[in-house]
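Please keep the sequence and the model in view while reading the points below.

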Amino acid sequence: MTPEENALLTRVTGDAPMGQMMRHYWMPICLIEEVGEPDGTPVRAQVLGEELVVFRDTAGNVGVLAEHCPHRGASLVLGRNEEGGLRCLYHGWKFDIHGDILEMVSEPAGNRMAAGIKHPAYPTKEWGGVVWAYLGSTESMPEFRPPQWAPTADTKVAIAKVVLPCNWAQVLEGAIDSAHSSSLHSSDMVPAEVDGAKATTDLWLRPSNDKAPRLQIERTSYGFRYAAIRTPIHDPDQNDYVRSTVFVAPATALIPPNNLYNVANINVPADDFTTVFYFIAWGHPSQTPDTDSWRKFLGQTVGEDLDHLYRPFRNKENNYWQDRAAMKTGNFTGIKGFPNQDVAMWCTMGAIADRCADHLGASDIAVVEFRKQMLKAVRDFQSTGKVIGAGEDAIPEEICSFQTMVPKKSDWRAYHVKPVWDPNAEAIQPLSQA
């Protein structure tokens, strides 16, 4: 890639074309649990470089407003959330969830100034444990469409959130890179004599010890599907072990599931150098882990692994709490929690990875496809205003990731799959990682 292409792919703030394109999608702003209480503490958020305040009003409705008061620019995150609106501390101006000014206590009675001011406010939707907002022009706003990882209101969803000091694209590239899991996560995703991926209390078991999968791509209107094809431990002459990942533009990955629940992530650019990473388990209520167990399993618990702003305590300065003694006794990375292993790789690439210096191989086919597809998408957006995966080009409801044994010479693209959803299976909660 050229430096110009790298910038076009990664930059999202201000007038950057990628950020302007992303404003045409509903974007996660924060977790619902962060603003669970009416008249509770407002929350600061940042998406695509825009500083926002999120609050739940007295009636229980969520508002997403520009953070800074239009009067003199003070932060509304510090404001009083009371009696149906958010009141700025500086001069008492009060705003509702629509950005309308309810009161201007610092102005004389009868002042008509409020009628001429509309504070930036964004349409919101609560779904799948997330507060979503649409940051683009309401004239082009699409109807909210449930994501693949929360298809119905009764789908159980557990989400771990972490704010990372690196660009969104290198996080997304890690999520769609199947080859790395056989090395980086080899102590947590362990080869075993099983017939498919299995979840235990501490590990994810895999039926293959093949570290060099063959990758095949299927391009689609919403992104792409690809298969990482490995030689299985059992019956290698008869079967292939296929793990199929789905990239949903602009920033979602549907990751191959285990036997109990489905897995996904969505990568929200806070700004050019910061990503809000949401790692998701979803599926039937009887099999999907509860939120606290999921976060504990991943090593993403606030107060233990993350500070109150979801920033990791593990960082470059402390080598991500790497345990070299554990490495000498067989642990591959010495880093606890497989997302933390990923985080160490993403963040040590730098705030924005220099893709011009990459030496890509056969295992990087999905990464190459992502770069080509998103560069084409943003250029098409610049010339036509059309965004990838929207309207009739949106991902069909039946598309999902999968992992399975497939007879040799059969086509994984034609394999009939559906999300993991078996209420009769024995549930195993991932409680911790030893």
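In this predicted model, Lys408 is partly exposed, with a relative accessible area of 35%. Its side chain meets that of Asp240 in a salt bridge, at 3.0 Å from N to O. Lys408 belongs to the segment after strand S22 (402–407) and Asp240 to strand S18, so the pair links distant parts of the chain, 168 residues apart. Asp240, by contrast, is buried, with a relative accessible area of 11%.

**Other salt bridges**

- A search of the whole structure finds 25 salt bridges.
- Glu173 forms one with Arg371, and the closest N and O atoms are 2.8 Å apart.
- Because Glu173 lies in helix H3 and Arg371 in helix H8, this pair ties together parts that are 198 residues apart in sequence.
- Both Glu173 and Arg371 are buried.
- Arg80, Glu82, Arg87 and Glu103 are linked in a network of salt bridges.

**Helix H8**

- Helix H8 covers residues 365–384 and reaches 28 Å from its first C-alpha to its last.
- Its buried residues include Ala366, Phe370, Leu375 and Phe381.
- Among the elements that cover the buried residues of H8 are helix H1 (3–10), helix H3 (168–175) and strand S18 (239–248).
- Lys376 is exposed, at 52% relative accessible area, whereas Asp380 is partly exposed, at 30%.
- Gly385, with a positive phi near 85 degrees, follows H8.

**Annotated domain**

- An unreviewed UniProt entry annotates residues 26–133 as "domain: Rieske".
- Over residues 26–133 the chain is 0% helix and 43% strand.

Methods
Residues are numbered from 1 along each chain as its sequence is written. This is a predicted model: local features need pLDDT of at least 70, side-chain atom pairs count only at pLDDT 80 or more; totals for chains, interfaces and linings use all residues. Side-chain values use heavy atoms; hydrogens and water are left out. UniProt positions are given in the numbering used here, feature names are shortened, and annotations may be inferred rather than shown by experiment. Helices (H or I, at least four residues) and strands (E, at least two) are DSSP runs, numbered from the N terminus. The expected span of a helix is 1.5 Å times one less than its number of residues. Buried means under 20% relative accessible area, exposed over 50%, partly exposed in between (1.4 Å probe, protein chains only). Contact means heavy atoms within 4.5 Å. A salt bridge is a side-chain nitrogen of Lys or Arg within 4 Å of a carboxyl oxygen of Asp or Glu.
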